[in-house]
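Visitor: I would like to learn how to read a protein model. Please take me through it one feature at a time.

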Amino acid sequence: MKKILFYTLLLLCSAILMQGCTKANNYPGGVLASVIAVADIRTIYKGADVTLDTKNMFGAHQMTGIVISDAAGGNMPTGLLVVQNNRRAKLRGISIPLGAAASSYAPGDSVLIDITGGVLKRVNGTLQITGIQPAAVTKVSSNNTIASQKVATNTLRASLDNYESTLVTISKAGFDPLPTSTDTYAGDKVISDGYGKVTLHTEASAAFAGKNLPLSANFAAIVFGADSSSSTVIPQLRMRTIDDAFILATDIAPMVISGFLNDPAGTDANYEYIQLLATRDIDFSTENFTLVTTNNAGASTPSGYPVNGWAMGDLRTYKIELKSGKVTKGTYFYVGGTGKKIDGSASTDISSSNWIGAFNYSTANSPNFNSDPSSAFGTKTSNLLANSGNAAGVAVFTGTNITAASKPVDVIFYGTGGNLYDASANVGYRITNNDFYDVKNPVTQADQPFNRQGTNTAACTLPVSGSFAQLGGEYNPAIGRWTLSRSTTNLPLSNSSVITDIEGDKATKLK
């Protein structure tokens with residue numbers, strides 16, 4: 001009897017378990033979504049045409065998106081509707097040939113599209129969903145905000161599939177070669193932002209085709225691919241209207257920061273220095289400038305956010321006035337401690353180089369600090385520039401009266417940590433337009449005058465101990481633009497290193 005009861009219970013448990021397994025295997029996990037993200041649509045394409053159905057679209061049959069194309073400007077591929085959406089934290093776009101119906105949609109329209117039966121294929125190098133009838137598109141609303149991504153040309157080229165058929169902004173770009181006063185947008189023109197090159201295409205029939213080319217601008221444009229046989233630089237970008245070009249003022253820096261030594265061998269005290277490159281002849285006795293360093297290590301005082309910007313003083317910022325000496329265009333000069341050695345106390349003497357500002361920052365406060373504290377700031381320190389941890393930086397200013405409102409002519413930061421910008425109080429370290437920073441947001445054109453504000457998040461990498469941080473790059477003083485952006489190269493130094501090692505072929509140059 002006990003055995004019968006045992007087997008009966010065993011069979012009952014098995015049935016329950018089997019029933020549970022059957023339910024688990026058939027459980028749908030909720031209702032399948034009818035709408036698929038554009039990011040997921042793009043992953044379906046594997047190099048060959050594919051017809052979209054609910055199976056390969058995971059049960060979906062529709063997509064939504066914001067229209068970014070503008071047929072009215074006359075510069076879109078004929079009959080092409082371009083939409084983008086941001087789902088699953090990925091902003092992606094796709095192009096859909098609709099024929100004449102494409103012109104009935106305006107930028108900012110929100111649309112719902114039934115894409116079942118459409119064929120995903122590459123046409124002229126751009127991924128498209130072909131075979132969609134105009135009746136499959138429904139406009140949901142108008143005047144929606146259109147997102148644009150700021151992207152460097154090298155990133156765009158390396159990750160083209162992520163940006164194709166989306167609206168991007170290429171900031172601080174210029175034409176290569178430089179345009180003449182009669183050059184216009186019409187045709188294929190190469191633009192460069194200092195990181196790489198792409199083609200800006202303008203149809204001859206576009207409303208702005210006859211407009212003259214600017215020297216420098218932020219260009220908003222839709223990204224398209226191009227045939228591999230094309231002679232143009234891939235990818236191809238198309239502005240929609242002339243308003244997609246935000247022309248930048250020509251701001252020419254009289255000097256640029258080209259490198260620095262923040263961690264020499266042995267003691268840092270009095271042996272750190274900054275290398276600069278003159279972009280024109282300067283007589284500092286008649287035209288004064290100021291170099292300011294900032295060290296935001298946790299122990300640097302005053303603590304908190306820089307309410308006085310570059311004029312914070314104490315251990316946060318140190319001021320060196322440049323009021324004597326001369327430099328000629330295209331030559332390097334130096335500012336830093338009076339040690340004047342290439343890599344610390346036991347290394348090669350480089351005092352014969354052009355030192356415009358030299359001061360023993362380890363034993364004395366900033367020059368004139370005691371006699372005129374209102375115009376000088378910075379107390380003696382063994383570290384003019386930080387070696388690790390929080391951000392450090394260098395800025396150069398016109399004149400010697402530096403306040404919280406002063407805007408530098410050039411500025412760089414390395415590292416990103418520390419109290420650098422307070423959005424609530426709108427205080428921080430001011431920047432200028434250069435290869436790293438923009439005083440206006442390139443996408444929205446909103447003011448962003450501080451480091452770490454808006455898109456101003458770039459920084460050089462922390463240099464390796466015992467290395468000169470060579471920034472390189474190429475600056476064109478005729479147009480005030482970096483034709484090749486700066487980046488940190490760690491140049492190892494030794495006691496026997498000489499000045500030509502840090503002024504060689506890979507040093508910052510003028511174009």
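**An enclosed strand**

Guide: Strand 7 (residues 126–130) has five of its five residues buried, so it is largely enclosed by the rest of the structure. Buried means under 20% relative accessible area, exposed over 50% and partly exposed in between, with a 1.4 Å probe and protein chains only. Strands are DSSP runs of E with at least two residues, helices are runs of H or I with at least four, and both are numbered from the N terminus.

Visitor: What kind of model is this, and how are residues numbered?

Guide: This is a predicted model, in which local features need pLDDT of at least 70 and side-chain atom pairs count only at pLDDT 80 or more, while totals for chains, interfaces and linings use all residues. Residues are numbered from 1 along each chain as its sequence is written, and side-chain values use heavy atoms, with hydrogens and water left out.

Visitor: Which residues point one way from strand 7, and which the other way?

Guide: In a regular strand the side chains alternate between the two faces of the sheet. Here Thr126, Gln128 and Thr130 point to one side of strand 7, Leu127 and Ile129 to the other, and all are buried.

Visitor: Which strand is joined to strand 7, and by how many bridges?

Guide: Strands of a sheet pair through backbone hydrogen bonds, either parallel or antiparallel. Two strands count as paired if DSSP finds at least two bridges between them. Strand 6 (residues 119–123) runs antiparallel to strand 7 and is joined to it by five bridges. Val119 stands opposite Thr130 in strand 7. The hairpin of these strands has two residues between them, and Asn124 there takes a positive phi near 55 degrees.

Visitor: Where else is phi positive in a residue that is not a glycine?

Guide: Lys172 has a positive phi of about 50 degrees, and Asn270 has one of about 80 degrees. Lys172 lies in strand 10, whereas Asn270 is in the loop between strand 16 (255–261) and strand 17 (273–278). Lys172 is buried, with a relative accessible area of 13%; Asn270 is buried too, at 10%.

Visitor: Which peptide bonds are cis?

Guide: Among them are the bond joining Asp176 and Pro177, with omega about 10 degrees, and the bond from Thr301 to Pro302, with omega near 0 degrees. Pro177 is found in the loop between strand 10 (167–175) and strand 11 (187–192), and Pro302 in the loop between strand 19 and strand 20.

Visitor: In what order do the four strands of the open sheet run?

Guide: The order is 20-19-24-25, with antiparallel pairing. Strand 20 (317–322) and strand 25 (410–414) stand at the edges with a single partner strand each, so one side of each is left without a neighbour in the sheet. Strand 19 (residues 289–295) and strand 24 (residues 392–398) pair over seven bridges. Leu291 has Val396 in strand 24 as its bridge partner.

Visitor: How many helices and strands does the protein have, and what does its C-alpha trace span?

Guide: There are five helices and 32 strands. Along its principal axes the C-alpha trace spans about 95 × 85 × 45 Å. Of the 511 residues, 49% count as buried. Contact means heavy atoms within 4.5 Å; among contacts between residues at least 6 apart in sequence, 68% join residues at least 24 apart.
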